[in-house]
Amino acid sequence: QPDQVPDDLPPNIVSATYLPLSKLLPHCAAVVHHGGVGTTSQCLAAGLPQVVLPMAFDQFDNAERVMRLGCGSWLPMQRINVVKLIAHLQQLPRTASLCTKIAQRLGGPRDATQRAAAAIVRLLA
């Protein structure tokens with residue numbers, strides 16, 4: 001929502017209507033996001049620790065799975081404040097080795113279409 005972005009952003013903050021995660025994630029140390037399945041899975045495949053702030057639908061389940069995997073934590077949007085978010089971010093370095101192991105198990109970021117086709121072929125064989 002460009003109309004919600006302040007005009008006086010600091011020079012180290014980028015606002016864009018769209019950025020492909022495949023280009024952005026390699027430059028991240030961690031990700032704070034809403035818990036959508038696409039963002040969650042791409043962060044897992046990239047081996048990045050996550051703080052998930054779910055709002056609706058499957059986002060709560062995805063957030064719980066991130067936590068159970070040891071790849072981050074989550075906070076309900078209704079309870080978030082700066083102090084709590086900082087506390088969660090400070091805990092993320094402890095999850096880094098597990099995030100790397102999960103990414104290795106997933107095979108890293110790859111084309112989902114190729115993975116799906118390979119899985120279908122294996123099932124049909």
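Of the contacts in the protein with a separation of 6 or more, 37% join residues 24 or more positions apart; a contact here means heavy atoms within 4.5 Å. The model is a predicted one, in which local features need pLDDT of at least 70 and side-chain atom pairs count only at pLDDT 80 or more, while totals for chains, interfaces and linings use all residues. Residues are numbered from 1 along each chain as its sequence is written, and side-chain values use heavy atoms, with hydrogens and water left out.

Six helices and three strands make up the secondary structure, and along the sequence they run α-β-α-β-α-β-α-α-α. Both kinds of element are DSSP runs numbered from the N terminus (helices: H or I, at least four residues; strands: E, at least two). Along the principal axes, the C-alpha atoms fill a box of roughly 55 × 30 × 30 Å. The accessible surface comes to about 8,800 Å², and carbon and sulfur atoms hold 60% of that; such areas come from the Shrake-Rupley method with a 1.4 Å probe, and for residues only the protein chains shown count as cover. Of the 125 residues, 28% are buried. Buried stands for under 20% relative accessible area, exposed for over 50%, and partly exposed for anything in between (1.4 Å probe, protein chains only).

Spanning residues 37-46, helix 2 has Thr39, Thr40, Cys43, Leu44 and Ala45 buried. Their cover includes helix 1 (21-24), strand 1 (31-33), strand 2 (50-52), helix 3 (59-69) and helix 5 (96-106). Take Thr40: its relative accessible area is 5%, so Thr40 counts as buried. Beyond residues up to four places away in sequence, Thr40 touches His33, Gly35, Gln50, Asn62 and Val66. Just past the end of helix 2, Gly47 takes a positive phi of about 75 degrees.

Ile102, leaving aside neighbours within four places in sequence, is in contact with Leu44, Leu69 and Cys71.

As for the cysteines, a search of the whole structure turns up zero disulfides, a disulfide being a pair of cysteine sulfur atoms within 2.5 Å. Cys43 is in none, and the nearest cysteine sulfur, that of Cys28, lies 7.6 Å away. Cys99 is likewise in none, with the sulfur of Cys71 the nearest at 3.9 Å. Cys43 is buried at 0% relative accessibility, and Cys99 is buried at 1%.

Charged pairs are next. One salt bridge is counted, the rule being a side-chain nitrogen of Lys or Arg within 4 Å of a carboxyl oxygen of Asp or Glu. The partners are Asp61 and Arg65, whose closest N and O atoms are 2.7 Å apart. Because they sit four residues apart in helix 3, about one helical turn separates Asp61 and Arg65. Asp61 is partly exposed at 37% relative accessible area, and Arg65 is partly exposed at 45%.

Leu19 lies in the segment before helix 1 and is partly exposed, with a relative accessible area of 44%.
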